[in-house]
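Please read the following with the sequence and the model side by side.

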Amino acid sequence: MITVEDLHKSYGDTVAVDGITFTAEPGRIFGLLGPNGAGKTTSIDCIAGVHKPTSGRITVGEFDIVRNARQAKAQMGVVPQEVALYEEVSARENLHFWGGACGLKGATLKERATEVLELIGLIDRAEEAIKKYSGGMKRRLNFGCGIMHQPPVLLLDEPTVGIDPQSRVRLLDLVREQAAAGVTVLYTTHYMEEAEALCDEIAIIDHGTIHAQGSLEELRTLVGEKDMVRLTGTFDPGTVSRALSDNLPEVEIMESDEEALLVSMMDAAGNLVALLGVLHDTGAVLRETSVRRPSLETLFIKMTGKELRE
Ligand SMILES: Nc1ncnc2c1ncn2[C@@H]1O[C@H](COP(=O)(O)OP(=O)(O)OP(=O)(O)O)[C@@H](O)[C@H]1O
Ligand SMILES: [Mg+2]
């Protein structure tokens with residue numbers, strides 16, 4: 001568990017983080033989604049104990065990162081934005097180094113390194129100097145170093161930037177596996193699709209401030225974006241219109257004829273059964289149904305007034 005309360009961090013006159021508050025829970029992936037310069041790395045660095053907050057309070061597990069730095073740090077694995085590896089030595093030696101720095105020794109350290117090499121899919125290349133590795137391989141090893149000591153809290157700062165698609169898929173699966181094993185995961189990204197696909201909870205951060213926070217579903221509802229549901233089959237438009245306004249007045253008909261119906265509604269996934277029930281009772285025959293979600297991109301633009309570019 002990570003709790004961040006009213007965190008502020010300035011570098012001289014530059015306010016990098018301007019009062020953010022959130023809680024990341026065990027077994028869940030908490031996403032900080034924001035563009036360049038939003039304050040993601042500064043937040044991670046304050047939580048990791050690399051930078052001291054200007055004000056505010058951070059606890060990791062039950063430990064305060066300022067007052068009980070040593071115990072708090074022992075709870076965490078950190079996968080930094082800039083790959084932190086020794087280029088001249090092998091993947092295995094890098095893992096030995098990072099595992100050793102986290103207190104692993106002897107046979108335990110060696111066994112864990114082999115286990116991690118298998119997990120990140122680099123066991124076949126384990127003895128090679130990593131300067132010969134691709135960007136994606138280095139990213140996977142960077143992740144491996146962060147999980148060597150099996151920390152209950154994992155901080156990942158844009159771990160998939162510059163990665164090949166295969167490595168990305170693998171890395172995202174590894175992150176999911178960590179959460180499934182009960183780890184508290186804090187994940188920063190500027191990739192909308194990653195936040196959507198990966199995170200249980202998302203905070204949209206820009207200019208050091210959290211603009212919105214919640215599950216993807218909650219964020220969508222917050223902005224009032226409605227889902228579109230397209231249905232094909234056989235309908236009686238007059239009956240459908242009366243049935244919907246009587247039973248589901250919040251559903252808005254966008255287009256309607258004998259063969260197709262397009263409606264707009266909140267939380268279509270949650271309300272689809274009710275919609276289909278009402279349509280069924282009108283004697284409609286349904287052939288196909290498709291739901292279109294508003295994208296997080298639309299929400300981001302609405303909240304921050306700008307696009308999230310790479
Ligand atoms: N060491 C530093 N000294 C001075 N200013 C800094 C320092 N580190 C970050 N900043 C500034 O703080 C703000 C937030 O930067 P930060 O690196 O936290 O953003 P970020 O969200 O991680 O961005 P990116 O997506 O580019 O990694 C920026 O304005 C940045 O220029
Ligand atoms: Mg950063």
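An oxygen atom of ligand 1 lies 2.8 Å from an N or O atom in the side chain of Thr41, a polar contact in the sense of a pair of N or O atoms within 3.5 Å; within protein, one atom must be able to donate a hydrogen and the other to accept it, and residues adjacent in sequence count only if both atoms are side-chain atoms. The protein covers 62% of the 630 Å² of accessible area that ligand 1 has on its own; such areas come from the Shrake-Rupley method with a 1.4 Å probe, and for residues only the protein chains shown count as cover. The model is predicted: local features need pLDDT of at least 70, side-chain atom pairs count only at pLDDT 80 or more, and totals for chains, interfaces and linings use all residues. Residues are numbered from 1 along each chain as its sequence is written, chains are lettered from A and ligands numbered from 1 in the order in which they are written, and side-chain values use heavy atoms, with hydrogens and water left out.

The backbone also takes part at ligand 1. A backbone N or O atom of Ala38 is 3.1 Å from an oxygen atom of the ligand, and a polar backbone atom of Gly39 is 2.9 Å from an oxygen atom of ligand 1. In total, 13 residues surround ligand 1, and the closest are Gly37, Lys40, Thr41, Thr42 and Gln81; a residue is near the ligand if one of its heavy atoms lies within 4 Å of it. Strand S2 (14-24) and helix H1 (40-48) each supply at least two residues of this shell, and H1 gives the largest share, three residues. Helices (H or I, at least four residues) and strands (E, at least two) are DSSP runs, numbered from the N terminus. By class, the shell has four nonpolar, seven polar and two charged residues. Here Ala, Val, Leu, Ile, Met, Phe, Trp, Tyr, Cys and Pro count as nonpolar, Asp, Glu, Lys and Arg as charged, and the others, Gly among them, as polar.

Which protein atoms are donors of the magnesium ion (ligand 2)? They are OG1 of Thr41 and OE1 of Gln81, lying 1.9 to 2.1 Å from the ion. Thr41 lies in helix H1 and Gln81 in the loop between strand S6 (76-79) and helix H3 (91-101), so the pair ties together parts that are 40 residues apart in sequence. Donors are N, O and S atoms within 2.8 Å of the metal (3.2 Å for Na, K and Ca); water is not among the atoms, so the site may look incomplete. Thr41 is partly exposed, with a relative accessible area of 27%, and Gln81 is partly exposed at 24%. Buried means under 20% relative accessible area, exposed over 50%, and partly exposed in between (1.4 Å probe, protein chains only).

Now the chain as a whole. The chain has eleven helices and 14 strands, and 46% of its 310 residues count as buried. Its C-alpha trace spans about 75 × 45 × 35 Å along its principal axes.

Thr184, in strand S8 (residues 184-189), counts as buried at 0% relative accessibility. The side chain of Thr184 reaches the backbone nitrogen of Met1 at 2.9 Å. Residues touched by Thr184 include Met1, Ala24, Pro26 and Val153, not counting residues up to four places away in sequence; contact means heavy atoms within 4.5 Å.

Leu119 lies in helix H4 (residues 106-119) and is partly exposed, with a relative accessible area of 32%. Leu119 touches Ile147, Arg170, Leu174 and Glu177, not counting residues up to four places away in sequence.
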